[in-house]
Amino acid sequence: MIFPKWNITELNGYEPQTTFWMDFCIADGFGIDAIQDAFNRAFDEWKTDYKYLTELVLVLNHKIWQWYEKDQEKATLYNKLWAEADEYACDNLKDEEFGYYWTWTD
């Protein structure tokens, strides 16, 4: 399998800390249910870690853009998942944690 490179470091200097990009690239090959499952597992496990939550939101955002002209169903799902994770972050992160989130996702 060949996976697209996540060029986040080139775009804004962010250095990935997780396997989220690769996890979702693998899920992409198995379809909508696999993408939802990958999200559920990552979100449930890491939503309380503000750095990992930030990276999850970054990955979901990039996945929307990866699929929006190629596969509307995937793009729509990624948009829904991004909105869920972003809303959770905005509602639950405070002070320095929210500052970190905002710095990388703005």
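Student: Which residues have the most contacts inside the largest nonpolar core?

Tutor: This is a predicted model, in which local features need pLDDT of at least 70 and side-chain atom pairs count only at pLDDT 80 or more, while totals for chains, interfaces and linings use all residues. Residues are numbered from 1 along each chain as its sequence is written, and side-chain values use heavy atoms, leaving out hydrogens and water. A nonpolar core is a set of buried Ala, Val, Leu, Ile, Met, Phe, Trp, Tyr and Cys residues joined through side-chain atoms within 4.5 Å, where buried means under 20% relative accessible area, exposed over 50% and partly exposed in between, with a 1.4 Å probe and protein chains only. The largest such core has 31 residues, and those with the most contacts inside it are Phe24, Phe39, Leu56 and Leu60.

Student: Which helix gives the most to this core?

Tutor: Helices are DSSP runs of H or I with at least four residues, numbered from the N terminus. H2, H3, H4, H5 and helix H6 (95–105) each supply at least two residues of the core. The one that gives the most, with 8 residues, is H4.

Student: Why do the buried residues of H2 lie on the same side?

Tutor: In helix H2 (residues 20–30), the buried residues are Phe20, Trp21, Phe24, Cys25, Ala27 and Asp28. They are on the same side of H2 because the arc they cover around the axis, taken from the directions from the helix axis to the C-beta atoms, is only 165°.

Student: Is Ala38 buried or exposed?

Tutor: Ala38 is in helix H3, and Ala38 touches Phe24 and Ala27, not counting residues up to four places away in sequence, with contact meaning heavy atoms within 4.5 Å. Because its relative accessibility is 6%, Ala38 counts as buried.
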